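Hi there,

Here is the structure I promised to pass on. Have a look, and then read my notes on it below.

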Amino acid sequence: MILIVAGVAGSGKTTVGALLAGRLRWHFADADTFHPAANVAKMRAGVPLTDEDRAPWLRAVADWMDARIAAGQSGVVTCSALKRAYRDQLLSGRPAATMVFLQVSRDVLVSRLNSRPGHFFPEKLLDSQLADLEPPGQDERVCTVLADGEPEQTAAKIIALLWPDGEPNPEAPPAPGAL
């Protein structure tokens, strides 16, 4: 299974995704690491990304997912997945993939973004992400989770939502490369 933890900048994707991967003993990848250097430079300069800028990044995220699936490995990957087309690109043809979209209030997003100095995504870009955001529809293969609380609470909510009978293989040895 591939679990995509999605949401706008500051929603807690990386923190929650890493917690989930550690708890599940799955591989983890932060999609921020898949951005081409030009994208990082644009964001650092306060310039919003376009669909064209995001295309190679989304392909890299999909490639990571496909490599895990081909190897028979489970994994957690983060991705903003702001638009339905992006979510469709990541989920289409991948029945082993599930997406959880973290919903967070604007005030919490601003607070979180301001508490991570040195990150390439400045708070001033938040409005551009919120403008691009197409909230997941009920007809999408996406679960929305309120993530205003502590990351551990959000991770627990996701585990309970996806595995109401208990998380998978809690005693399994960690996957190579897992946290």
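Predicted model: local features only at pLDDT ≥ 70, side-chain atom pairs only at ≥ 80, totals over all residues.

Residues are numbered from 1 along each chain as its sequence is written, and side-chain values use heavy atoms, with hydrogens and water left out.

Let's start with Arg-112, which lies in helix α5 (residues 106–114); helices are DSSP runs of H or I with at least four residues, and strands are runs of E with at least two, numbered from the N terminus. Its relative accessibility is 22%, so Arg-112 counts as partly exposed (buried is under 20% relative accessible area, exposed over 50%, partly exposed in between, with a 1.4 Å probe and protein chains only). Ser-11 is 101 residues away along the chain, yet the C-alpha atoms of Arg-112 and Ser-11 are separated by 7.9 Å.

Next, Gln-129 sits in helix α6 (residues 126–132) and counts as buried because its relative accessibility is 9%. The Gln-129 side chain reaches the backbone nitrogen of Ala-9 at 2.6 Å.

Finally, helix α7 (residues 151–162): the buried residues there are Thr-154, Ala-155, Ile-158, Ile-159 and Leu-162. They cover an arc of only 140° around the axis, which puts them on the same side of α7 (the arc is that of the directions from the helix axis to the C-beta atoms).

Happy exploring!

Technical notes: Polar contact = N/O pair within 3.5 Å; in protein donor to acceptor, adjacent residues only side chain to side chain.
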